[in-house]
Amino acid sequence: MKTYFQNIDRFASRLAKQVLAWRWYVLFLSLAMVMVVGSGARFLDFSTNYRDFFSKANPELQAFEALQTTYSKNDNILFMLKPKDGLVFTPHTLAAVEWLTEAAWQIPYTQRVDSLSNFQHTYGEADDLVVEDLVVNAMDLTAGELASIKQIAMNEPLLYKQLINEQGHVTNVSVTLNLPQKHAMEVPEAVAKARALRTELQAQFPHLDIHLSGVSMLNNAFAEAGFGDMGTLVPLMFAVIVLLTLLIMRSFSATFSTVLVIMFSSIIGMGMAG
């Protein structure tokens, strides 16, 4: 055992002498390796697809994909409209729902928009079966027509507790997305457009409080949180490392060297992962 450690000590001593003797070559070679290996980091990005948490062979994910292929996607953006007066069934609020229902088709990858205004209400008239939008030209509706729309909505299982809450003071507009999953910016594109529509809607109808939710908003939040951490936590982490190293080493050159080693190690690790 003693001979073993002696051999290691002699090898380390010879290696250290060679590194010092060829220090400039070692330095440039190390920098070149950092740049070459670190270039792989360009293949890394923040995913907004919850499917990336699972492998393609995951049986639950395969069953979920089969379900969505057979029926419909559940990727969606939900606009929640809350009138400040607590009344959904008014001309101004229903007009806002109408406007948003039409404008939401501008959101990239939109497959379907569901709201109070475009709900297909069916009723009988003599021998005819009439199917029409529940709300048409909201600003022209009379008090009786508004009361009738409210009664229909609050008693319709497809609307009650889904697009209208129990108290009737909050309504939703649901935008279903069909994401092709070809690039990482699909969800951010849709979310950016949804936020722009919210701003425009708020300007036209200031009596509304508008909130965004849905699966796509949640997925986008993961990426935004990651970018936010890189802009705040990572610089803060390096600042703490520099401060503690400086206090321990009491040398600017030693601190600088230590920080370089940490940075190069991070670059190589991220590059190899990419």
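# Reading helices and strands

Modeller: Let's start with a pair of helices: H7 and H8 cross in a right-handed way. Please keep in mind that this is a predicted model.

Colleague: Happy to! What describes two packed helices?

Modeller: Two packed helices are described by the angle between their axes and by the distance between those axes. Here, helix H7 covers residues 215-249 and helix H8 covers residues 252-273; their axes are 9 Å apart, at an angle of about 140°.

Colleague: Which residues of H7 and H8 make the contact?

Modeller: From H7 come Phe238, Ile241, Val242, Thr245, Leu246 and Met249, while H8 gives Phe252, Ala254, Thr255, Thr258, Val259, Ile262 and Met263. Sorted by class, the contact of H7 with H8 holds 10 nonpolar residues, three polar ones and no charged ones.

Colleague: Now the strands, please. Through what do strands of a sheet pair?

Modeller: They pair through backbone hydrogen bonds, and the pairing is either parallel or antiparallel. In this model, four strands form an open sheet in the order S2-S5-S1-S6, with antiparallel pairing. Strand S2 (110-114) and strand S6 (208-213) stand at the edges with a single partner strand each, so one side of each has no neighbour in the sheet. From one strand to the next, the twist averages 15°.

Colleague: How many bridges join S1 to S5?

Modeller: Six bridges join strand S1, residues 76-83, to strand S5, residues 171-177. You can find two of the pairs yourself: isoleucine 77 stands opposite valine 175 of S5, and methionine 80 has asparagine 172 of S5 as its bridge partner. S5 also pairs with S2, in the antiparallel sense, over four bridges. There, threonine 110 stands opposite leucine 177 in S5.

Colleague: Is S5 mostly covered or mostly uncovered?

Modeller: S5 is mostly covered, as seven of its seven residues are buried. Thr171, Val173, Val175 and Leu177 point one way from S5, and Asn172, Ser174 and Thr176 point the other way. Look for helix H6 as well: spanning residues 186-204, H6 lies across S1, S5 and S6 and runs at about 175° to S6.

Colleague: One last case. Is glutamate 132 buried, partly exposed or exposed?

Modeller: Buried means under 20% relative accessible area and exposed means over 50%. With a relative accessible area of 36%, glutamate 132 is partly exposed. Its place is in strand S4, residues 128-133. Leaving aside residues up to four places away in sequence, glutamate 132 touches Phe119, Gln120, His121 and Tyr123. Glutamate 132 and asparagine 118 are 14 residues apart in sequence, and 8.1 Å apart in space from C-alpha to C-alpha.

How values were computed
Residues numbered from 1 in each chain as written. Predicted model: local features only at pLDDT ≥ 70, side-chain atom pairs only at ≥ 80, totals over all residues. Heavy atoms only, no water. Pairing = 2+ DSSP bridges. Axes fitted to C-alpha atoms, helices over the stretch in contact; angles between N-to-C directions. Contact = heavy atoms within 4.5 Å. Left-handed = near helix turned anticlockwise from the far one by under 90°. Nonpolar A, V, L, I, M, F, W, Y, C, P; charged D, E, K, R; others polar. Buried < 20%, exposed > 50% of the residue type's maximum accessible area, 1.4 Å probe, protein only.
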